[in-house]
Amino acid sequence: MLLTRTLPALRSTAPAGRLYLRAMSTSTEPLVLSSRSPNNSVAILTLNRPKALNALSSPLFDQLNAELEKADEDDSVRAIVITGSEKAFAAGADIKEMKDKEFAEVYKRNFLGTWTKIKDIRKPIVGAVSGFALGGGCELAMSLDLLICNSRAVFAQPEITLGIIPGAGGTQRLTGLIGKARAMDMVLTGRKIDGKTAEAWGLVSRCVGDEENVVEEAVKVGETIASFGRVAVQAGKEAVNASLELPLDQGLRLERRLFQSLFATQDQKEGMGAFAEKRKPTWGDK
Ligand code: CO8
């Protein structure tokens, strides 16, 4: 009886990627856990404030940024996965940290401004979302390159219920991804949507079923990306992200220049040569 009562509680705070983690979380552990995929090519960063449903406090975000920069500089890492627990990817910015702040202070200190650093990471980042991705949690997810969720995922921008609006992409990226009508619905009513709906609306790349482990799926995606040449992968990420910022003619010009510049790489010779010789390419990342 005791076991059946405690098991769901254990499940709900377990890291979504527990298969890959070296240790379970305790209060003395870092706010972001770092581990690797079995073949070492994918860095897995797990948000680790399970009791606060991974609320994104400033110290947590600072650690996340530091781990991302470390992974970006580490040549053995070719892709990054960010995940949370089964119950919560992240339930938003830390409301308790924010609630007494004043305009002048948050403006002068650019409160939460460091959230945009994630844009500077050159390696692809795959998000693995289970449970709540609310407010800043949904915005963090949307700032990643590719999102995998499960059917237990819940996405929402509930800021309106707190007397504020989204501040890190919940009106901008969200509208680009799901369109104005649905974005207005989510931003102005705080409507929650599940993983399947998020997939149907184009908020995530893939929604896996309950029987599948979302982190395993994300790592598989990361390992697929990791199996390709890093220069082309970086160029692909840069070109797709540029489409969010540039008018079409400029975006197409940038895409064409990046495409043409890849003919200066050994990997282009290797990739096309291997195809012609019917063999597997060996990427040199140059
Ligand atoms: N901040 C701080 N603590 C939180 C947060 C949060 N966002 N979410 C949950 N917690 C804490 C709870 O306070 C609680 O702590 P305690 O045990 O000490 O009381 C613990 O996590 C567990 O939460 P609940 O008991 O509420 O768990 P439930 O399963 O009953 O409910 C919910 C889960 C539905 C997720 C509920 O906790 C909830 O509604 N949370 C708040 C969600 C929310 O409103 N998020 C948006 C926050 S605002 C925001 O993200 C703005 C981002 C702007 C970024 C700008 C960058 C420039």
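Helices (H or I, at least four residues) and strands (E, at least two) are DSSP runs, numbered from the N terminus. The model is predicted, so local features need pLDDT of at least 70 and side-chain atom pairs count only at pLDDT 80 or more, while totals for chains, interfaces and linings use all residues. Residues are numbered from 1 along each chain as its sequence is written, and side-chain values use heavy atoms, with hydrogens and water left out.

**Figure 1. The whole chain.** The secondary structure of the chain consists of twelve helices and ten strands. A compact globule of 286 residues would have a radius of gyration near 19 Å, and the 20 Å of the chain agrees with this; the radius is taken over C-alpha atoms, and the globule rule is 2.2 Å times the number of residues to the power 0.38. Along the principal axes, the C-alpha atoms fill a box of roughly 60 × 50 × 35 Å. Of the 286 residues, 44% count as buried, where buried means under 20% relative accessible area, exposed over 50%, and partly exposed in between (1.4 Å probe, protein chains only). Among contacts (heavy atoms within 4.5 Å) between residues at least 6 apart in sequence, 65% join residues at least 24 apart.

**Figure 2. Serine 130 and its polar partner.** Serine 130 is placed in the loop between strand S5 (125-129) and strand S6 (132-134). With a relative accessible area of 1%, serine 130 is buried. Its side chain makes a polar contact with the side chain of asparagine 150, at 3.0 Å. A polar contact is a pair of N or O atoms within 3.5 Å; within protein, one must be able to donate a hydrogen and the other to accept it, and residues adjacent in sequence count only if both atoms are side-chain atoms.

**Figure 3. Asparagine 40, a residue with positive phi.** Asparagine 40 is found in the loop between strand S1 (32-36) and strand S2 (42-47). Its phi is near 75°, a positive value in a residue other than glycine. Most residues other than glycine have a negative phi. At 39% relative accessibility, asparagine 40 counts as partly exposed.

**Figure 4. Glutamate 67 in helix H2.** Helix H2 (residues 58-73) holds glutamate 67. This glutamate counts as buried because its relative accessibility is 17%. When neighbours within four places in sequence are left aside, glutamate 67 is in contact with Val32, Ser34 and Leu45.

**Figure 5. Arginine 122 and its contacts.** The loop between helix H4 (103-108) and S5 contains arginine 122. Its relative accessible area of 35% makes arginine 122 partly exposed. Not counting residues up to four places away in sequence, arginine 122 touches Asp72, Glu73, Gln234 and Lys237. Arginine 122 and lysine 237 are 115 residues apart along the chain, yet their C-alpha atoms are separated by 7.8 Å.

**Figure 6. Glutamate 255 in helix H11.** Glutamate 255 belongs to helix H11 (residues 248-261). It counts as partly exposed, at 45% relative accessibility. Serine 243 is twelve residues from glutamate 255 in sequence, and the two C-alpha atoms are 9.1 Å apart in space.

**Figure 7. Tryptophan 283 and its surroundings.** Tryptophan 283 is in the segment after helix H12 (266-276). Its relative accessible area is 27%, and tryptophan 283 is therefore partly exposed. Apart from neighbours within four places in sequence, tryptophan 283 is in contact with Ser227, Phe228, Gly229, Asp267 and Gly271. A polar atom of the tryptophan 283 side chain lies 2.9 Å from the backbone oxygen of serine 227. In contrast, leucine 246 is 37 residues from tryptophan 283 in sequence and 31 Å away in space, C-alpha to C-alpha.

Figure 8. Lysine 280 touches Glu270 and Ala274, residues up to four places away in sequence not being counted. Between the C-alpha atoms of lysine 280 and glutamate 270, which are ten residues apart in sequence, the distance is 9.3 Å. Aspartate 285 is likewise found in the segment after H12. Although aspartate 285 is not a glycine, it has a positive phi of about 60°. At 28% relative accessibility, aspartate 285 counts as partly exposed.
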